[in-house]
Amino acid sequence: MAEWLWPALLALFAVGVPIARFRRSRRMVNAWARANNLAIVKRHWPALRLGPWFLLIGKQAVRYVTVRDVYGQDRRCWLKLGSLWGLTDDIEVRWEDESGRLV
């Protein structure tokens, strides 16, 4: 095999896996919002914060979003996406009140 093939495959994997995980989490959040009659107003970038969860295992991800309900009220929530091995699209939701405290 060519000398460049293994580094190229490694680079493709290193770039492709995070992109695939990002797209999957975006798809999960959009489906959750539609199923609950919510519109996503803003997707916040939590950086390295885990929100209300102490530990994430496996292929779980955390997202922080602002949503608008059918009455026009904006609310913020933390979403924990996925399961231990990524086999299910479970979403756990923790809502915040107006002051930013978890309800």
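**Close-up 1. The hairpin of β2 and β3 holds a glycine with a positive phi.** Between the two strands of this hairpin lie 5 residues, and Gly 72 takes a positive phi near 85 degrees. What you see is a predicted model, in which local features need pLDDT of at least 70, side-chain atom pairs count only at pLDDT 80 or more, and totals for chains, interfaces and linings use all residues. Residues are numbered from 1 along each chain as its sequence is written, and side-chain values use heavy atoms, with hydrogens and water left out. Strands (E, at least two residues) and helices (H or I, at least four) are DSSP runs, numbered from the N terminus.

**Close-up 2. Strand β2 pairs with β1 and with β3.** Two strands count as paired if DSSP finds at least two bridges between them. Strand β1 (residues 39–44) runs antiparallel to β2, and 5 bridges join them; here, look for Arg 43 opposite Val 65. With strand β3 (residues 74–81), β2 pairs in the antiparallel sense over 8 bridges, and Thr 66 stands opposite Arg 76. Strand β2 (residues 61–68) is largely enclosed by the rest of the structure, because 6 of its 8 residues are buried. Buried means under 20% relative accessible area, exposed over 50%, and partly exposed in between (1.4 Å probe, protein chains only).

**Close-up 3. Thr 66 sits in strand β2.** Is this residue, Thr 66, buried or exposed? Thr 66 is buried, with a relative accessible area of 10%. Contact here means heavy atoms within 4.5 Å. Leaving out residues up to four places away in sequence, Thr 66 touches Ala 39, Ile 40, Val 41, Lys 42, His 44, Asp 74, Arg 75 and Arg 76.

**Close-up 4. The largest nonpolar core has 10 residues in all.** Such a core is a set of buried Ala, Val, Leu, Ile, Met, Phe, Trp, Tyr and Cys residues joined through side-chain atoms within 4.5 Å. Its members are Met 28, Val 29, Trp 32, Ala 33, Leu 38, Val 65, Val 67, Cys 77, Leu 79 and Leu 81. The elements that give two or more residues to this core are α1 (5–35), β2 and β3, and α1 gives the most, with 4 residues. Once neighbours within four places in sequence are set aside, the contacts of Val 67 include Trp 32, Leu 38 and Trp 95.

**Close-up 5. Leu 55 lies in the loop between β1 and β2.** Leu 55 is exposed, with a relative accessible area of 53%.
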